[in-house]
Amino acid sequence: MPQTVRGVIARAKGAPVTVENIVIPDPGPGEAVVDISACGVCHTDLHYREGGINDEFPFLLGHEAAGVVESVGEGVTDVAPGDFVVLNWRAVCGSCRACRRGRPWYCFDTHNATQKMTLEDGTELSPALGIGAFADKTLVAAGQCTKVDPDASPAAVGLLGCGVMAGIGAAINTGNVQRGDSVAVIGCGGVGSAAIAGARLANAAKIIAIDLDDRKLEWAKGMGATHTINAGSGDVVEAIQALTDGHGADVVIDAVGRPETWKQAFYGRDLAGTVVLVGVPTPEMQLEIPLLDVFGRGGSLKSSWYGDCLPSRDFPMLVDLYQQGRLDLDAFVTETIGIDDVEAAFAKMHEGTVLRSVVEL
C-alpha cells in the first residue's frame, strides 16, 4: 500500500522550503523504497530551490543519503529488504555505448524510478537528482542503491552520494593523481575539501589548498593540505608556482567553476599538467583563452562528472577506507539537524560556516 511520510518541498523559485506530507507508492519493477537514515544538505539542493536546475516545481529535495532498503519491486536482485545502502544518482544502464565500451562511469542513459512520488493532493513531485531524500522514505530505481558496510555511520557515508564522491573522484579518477604529484585545489568547500582528501589518499607529495576564506583553509589542512593560499592576498598562479619550484602543479582542480578560477587552474599547472573542472558553472558563463596557449601548454583539460565514479566499485571501497581510519568522512559532518532545519542549513551554507549539515531522520 502507498505510504504517507514527511518530505522537504520546494514549491517555487526562491521560496523557503516547507515540510509536507508526501505519498510514496509501492515499488514497481526495478524500483526500491528506502527508509532514509541521513541526508546531507548539498549546494545542488539550493540550486534546485533557486530554479538553477530547471523549473519543474515542486521539488522533493535531498540526494546525499544513506538508509535501509524497505521493499523492492519485481526483478530486483542486487539489493534486498534490510540492506544498508548509499544512494547514487547515476544508476548505470549497462547497454549504452559507454557501458558497452567498458566505461560505465560515463553511462549516457542513467535511470530513475518510473513511478512518481506525489503530494497528498496528487501533485507529482520532481525528486532532486532522481532521489528526493529529505524524507522519511523515498522511491528510487534499485540501481541507485549501493550496498555498503552496515556498521558505518549513515551521516558520514551518505555524503559519498554526491559531494564527497565528486571531490575524491575528481582527484583519483579524473585527475589520476599519482604518488609524488603536486596538486592544487581551488575552492575548499565540501567538494574541494574532498578533492584534497582524495589527493592525500593517492599519496600526492604536495597538496595546495586555495580559497578566499581562512576558515576553509584551516579545514583543508585537516583534510590533508600541505600548503594554503588565500586567493585574496595576491596572484594565485604566481603563488602556486612559488610552491612548485616555479613550474606549477601537476594537477589543478577547480572546485568553484567560474571562468576566472578555471583560468587560474589552467595557468597554475605545469607544462603537460592536468586541469580538472568539478565546480559547476552557470549557463551564462563564458570562457575566452588564446588557443595557442591551449596548444603550447599541452596536457589535459578535463571535466569531472560525479567524480567519474562507478558507485558499485567506489562506494564500498571508500567506506572500507573510512572504517579503517584512512578516510575521515566524519570530518565533513559539521552538524546534524532535523528535517525542519533545512532552510536554516541553506543559510549556513551560503555564509560558509559549514562543510555539511546532515539531516538525520
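Strand E10 (145-147) and helix H10 (311-323) each supply at least two residues of the lining of the second largest pocket, where helices (H or I, at least four residues) and strands (E, at least two) are DSSP runs numbered from the N terminus. The model is a predicted one, in which local features need pLDDT of at least 70 and side-chain atom pairs count only at pLDDT 80 or more, while totals for chains, interfaces and linings use all residues. Residues are numbered from 1 along each chain as its sequence is written, and side-chain values use heavy atoms, with hydrogens and water left out.

**Second largest pocket**

- The second largest pocket holds about 350 Å³ of space, a volume being the space filled by probe spheres set on grid points that are joined across faces, edges and corners.
- On a 1 Å grid over the protein atoms alone, a pocket is an open set of points with protein on both sides within 12 Å along at least five of seven lines, a cavity is a set of points where a 1.4 Å probe fits but cannot get out, and lining residues have an atom within 4 Å of a point.
- The second largest pocket is lined by 19 residues, of which Asp 78, Val 92, Ala 142, Gly 143 and Cys 145 are the closest to its centre.
- Strand E10 gives the most to this lining, with 3 residues.
- By class, the lining of the second largest pocket has 8 nonpolar, 8 polar and 3 charged residues, with Ala, Val, Leu, Ile, Met, Phe, Trp, Tyr, Cys and Pro counted as nonpolar, Asp, Glu, Lys and Arg as charged, and the others, Gly among them, as polar.

**Largest cavity**

- A search of the whole structure finds 1 cavity of 30 Å³ or more, and the largest cavity holds about 40 Å³ of space.
- Its lining consists of Ala 197, Arg 200, Leu 201, Met 223, Arg 326, Leu 327, Asp 328 and Phe 332, and the largest share, 3 residues, comes from helix H5 (residues 190-201).
- By class, the lining of the largest cavity has 5 nonpolar, no polar and 3 charged residues.

**Helix H11**

- Helix H11 (residues 342-351) has Val 342, Ala 345, Phe 346 and Met 349 buried, where buried means under 20% relative accessible area, exposed over 50% and partly exposed in between (1.4 Å probe, protein chains only).
- Seen down the axis of H11, these buried residues fall within an arc of 105 degrees, so they line one face of the helix; the arc is that of the directions from the helix axis to the C-beta atoms.
- The face of H11 turned away from its buried side carries the exposed residues His 350 and Glu 351, and H11 is followed by Gly 352, whose phi is positive, near 75 degrees.
- Strand E1 (3-10), helix H1 (43-49), strand E17 (335-337) and strand E18 (357-360) are among what covers the buried residues of H11.

**Pro 127**

- Pro 127 lies in strand E8 (residues 126-127) and, at 22% relative accessibility, counts as partly exposed.
- Leaving aside its neighbours within four places in sequence, Pro 127 is in contact with Leu 60, Met 117 and Gly 132, contact meaning heavy atoms within 4.5 Å.

**Whole protein**

- The protein has 11 helices and 18 strands, and of its 361 residues 53% count as buried.
- Among contacts between residues at least 6 apart in sequence, 69% join residues at least 24 apart.
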